[in-house]
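Have the sequence and the 3D view ready.

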Amino acid sequence: GLIASFTDSTISGNIAELDGTASLSRGGGMALLSNGTTSEITIQGCTIANNIARDVSVGGTLNTYGGGALIGSDGFVTIRNSTFSGNEAEFAGGLYDGRFSSGPFGNTDFEGCTITDNIALDSAGGIFSTNVQLRNCIIAGNAAPSFPDIEDDDLTNLLGFNLVGDGSSQAFDNSEATDMIGVFGSTIDPLLVALADNGGPTLTH
């Protein structure tokens, strides 16, 4: 399986283009694909910002997934203290987290992450999630016609101290008393400022 690690890095200003010779465009900033259950992918202290997955054959972003990143792995993925911001695609503006099989497969664990200011032209402005666990994360301020912040495909667990700006129509498998979940008409604003140098290795909100 795939073994990949990204630490204290900025992935910004990239474009994945669909020009009519392929069926879809995936992962504007990065695409990490592996169908092995032994795969281990780690993203630590990174900022993935202002990337685009788009369809230039029609001048839009038709059939594009994961503006910031697309992760397709049946193994284990860990994303810590990382920011996904200002990315764009048709589906999953910030991050598309998918699986190749119906299982068994590993989790994608998010801890201390911020997913904001991403855009999807169809659904899942912030993140499309499959078998995801979230701790101490902010997923808010993203935009899409449906599921502006998060689209939960299967097994999304909120494990405490998360803020989801708009979790409308999401049947999270678990949430804790310390999780804050907004809904349509009563979303939660995390009061984030623009990306800036806040003293770490990459720009953050």
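## Salt bridges, cysteines and a sheet

Glu-17 is partly exposed, with a relative accessibility of 46%; here, buried means under 20% relative accessible area, exposed over 50%, and partly exposed in between, using a 1.4 Å probe and protein chains only. Please keep in mind that this is a predicted model, in which local features need pLDDT of at least 70, side-chain atom pairs count only at pLDDT 80 or more, and totals for chains, interfaces and linings use all residues. Residues are numbered from 1 along each chain as its sequence is written, and side-chain values use heavy atoms, with hydrogens and water left out.

Which residue forms a salt bridge with Glu-17? The partner is Arg-54, and the closest N and O atoms are 2.6 Å apart. A salt bridge is a side-chain nitrogen of Lys or Arg within 4 Å of a carboxyl oxygen of Asp or Glu. Glu-17 sits in strand 3 (residues 15–18) and Arg-54 in strand 8 (residues 52–55), so this pair links distant parts of the chain, 37 residues apart. Strands are DSSP runs (E, at least two residues), numbered from the N terminus.

A search of the whole structure finds 2 salt bridges. In the other pair, Arg-80 joins Glu-111, with the closest N and O atoms 3.8 Å apart. Arg-80 belongs to strand 11 (residues 76–80) and Glu-111 to strand 15 (residues 108–111), so the pair ties together parts that are 31 residues apart in sequence.

Here are the accessibilities of some salt-bridge residues:

| Residue | Relative accessible area | Class |
|---|---|---|
| Arg-54 | 28% | partly exposed |
| Arg-80 | 37% | partly exposed |
| Glu-111 | 35% | partly exposed |

Now to the cysteines. How many disulfides are there? The count is 0, where a disulfide is a pair of cysteine sulfur atoms within 2.5 Å. Cys-113 is in no disulfide, and its nearest cysteine sulfur, that of Cys-137, is 4.7 Å away. Cys-113 is buried, at 2% relative accessible area, and Cys-137 is buried with a value of 2%.

Strand 21 (residues 163–164) runs parallel to strand 22, joined by 2 bridges. Within strand 22, Ile-181 is the bridge partner of Val-164.

How values were computed: Helices (H or I, at least four residues) and strands (E, at least two) are DSSP runs, numbered from the N terminus. Two strands pair if DSSP finds at least two bridges between them.
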